[in-house]
Amino acid sequence: MRAGRVQRTVLPPDPVYGSRLLARFINRVMRSGKKHTAERMVYGALDIIKAKGEDPVNVFETALSTVGPKMEVRPRRVGGASYQVPMEVRGDRRLALAIRWIVSIANRRSNKEYHTYAEKLAAELMDAAKGTGEAIKKRDAMQRMAEANRAFAHFKW
């Protein structure tokens with residue numbers, strides 16, 4: 001017998017800006033349990049954004065809402081064949097994908113152009129908030145895939 005749905009733990013807000021979303025982002029940036037290092041990198045990125053004369057939390061939230069995809073494809077097996085069925089992305093998964101993409105793309109930015117991870121992260125957040133950058137390309141590719149597979153939308157049940 002199944003135990004039912006898992007209760008989600010509510011993350012405490014981050015100490016500097018008081019944002020639960022930022023706390024989630026810091027946890028995604030964190031590697032090997034080094035939270036203090038992750039906080040330093042994320043707050044460093046937000047300081048760089050602030051130095052450029054913009055509100056860092058606003059840029060951060062705009063970037064996440066812009067990068068979050070509205071549609072995705074999920075595989076569904078029907079009669080021995082596997083179809084890519086387009087489905088709407090729910091709120092929590094949309095945020096999780098946006099955070100994951102921004103962090104992974106910031107990791108891949110070249111070291112020649114930027115000296116620290118905070119600079120890479122700040123650049124990716126600014127690009128995403130403006131609607132440019134690699135994370136936006138990734139979102140557009142996912143949405144195009146969902147659009148291309150609209151013929152299989154009737155398999156969604």
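**Close-ups of a predicted protein model**

Figure 1. The protein exposes about 10000 Å², and carbon and sulfur atoms supply 52% of that. Accessible areas here come from the Shrake-Rupley method with a 1.4 Å probe, and for residues only the protein chains shown count as cover. This is a predicted model, where local features need pLDDT of at least 70 and side-chain atom pairs count only at pLDDT 80 or more, while totals for chains, interfaces and linings use all residues. Residues are numbered from 1 along each chain as its sequence is written, and side-chain values use heavy atoms, with hydrogens and water left out. As for charge, there are 31 positive and 16 negative side chains, with the centres of the two sets 9 Å apart. Lys and Arg count as positive, Asp and Glu as negative, and His and the chain ends are not counted; each charge is placed at NZ of Lys, CZ of Arg, CG of Asp or CD of Glu.

**Figure 2. The overall layout.** You'll find 6 helices and 2 strands here, running α-α-α-β-β-α-α-α along the sequence. Helices (H or I, at least four residues) and strands (E, at least two) are DSSP runs, numbered from the N terminus. Of the 157 residues, 36% count as buried (under 20% relative accessible area; exposed is over 50%, and partly exposed is in between, with a 1.4 Å probe and protein chains only).

**Figure 3. Tyr17 and Tyr43, a tilted pair.** This is one of the 2 aromatic pairs in the structure. The two rings sit 6.1 Å apart, centre to centre, with 50° between their planes. Rings of Phe, Tyr and Trp (its six-membered ring) pair if their centres lie within 6.5 Å; planes under 30 degrees apart are stacked, over 60 edge-to-face, and the rest tilted. Tyr17 is in the segment before helix 1 (20–29), and Tyr43 is in helix 2 (residues 35–51), 26 residues apart. Tyr17 is partly exposed at 27% relative accessible area, whereas Tyr43 is buried at 14%.

**Figure 4. Phe25 meets Phe60.** The ring centres of Phe25 and Phe60 are 5.1 Å apart and the planes are at 75°, so this pair is edge-to-face. Phe25 belongs to helix 1 and Phe60 to helix 3 (residues 56–67), so the pair ties together parts 35 residues apart in sequence. Phe25 is buried, at 0% relative accessible area, and Phe60 is buried too, at 1%.

**Figure 5. Asn149 and its contacts.** Asn149 lies in the segment after helix 6 (134–148) and is buried, with a relative accessible area of 12%. Leaving aside residues up to four places away in sequence, Asn149 touches Val73, Gln84 and Pro86; contact means heavy atoms within 4.5 Å.
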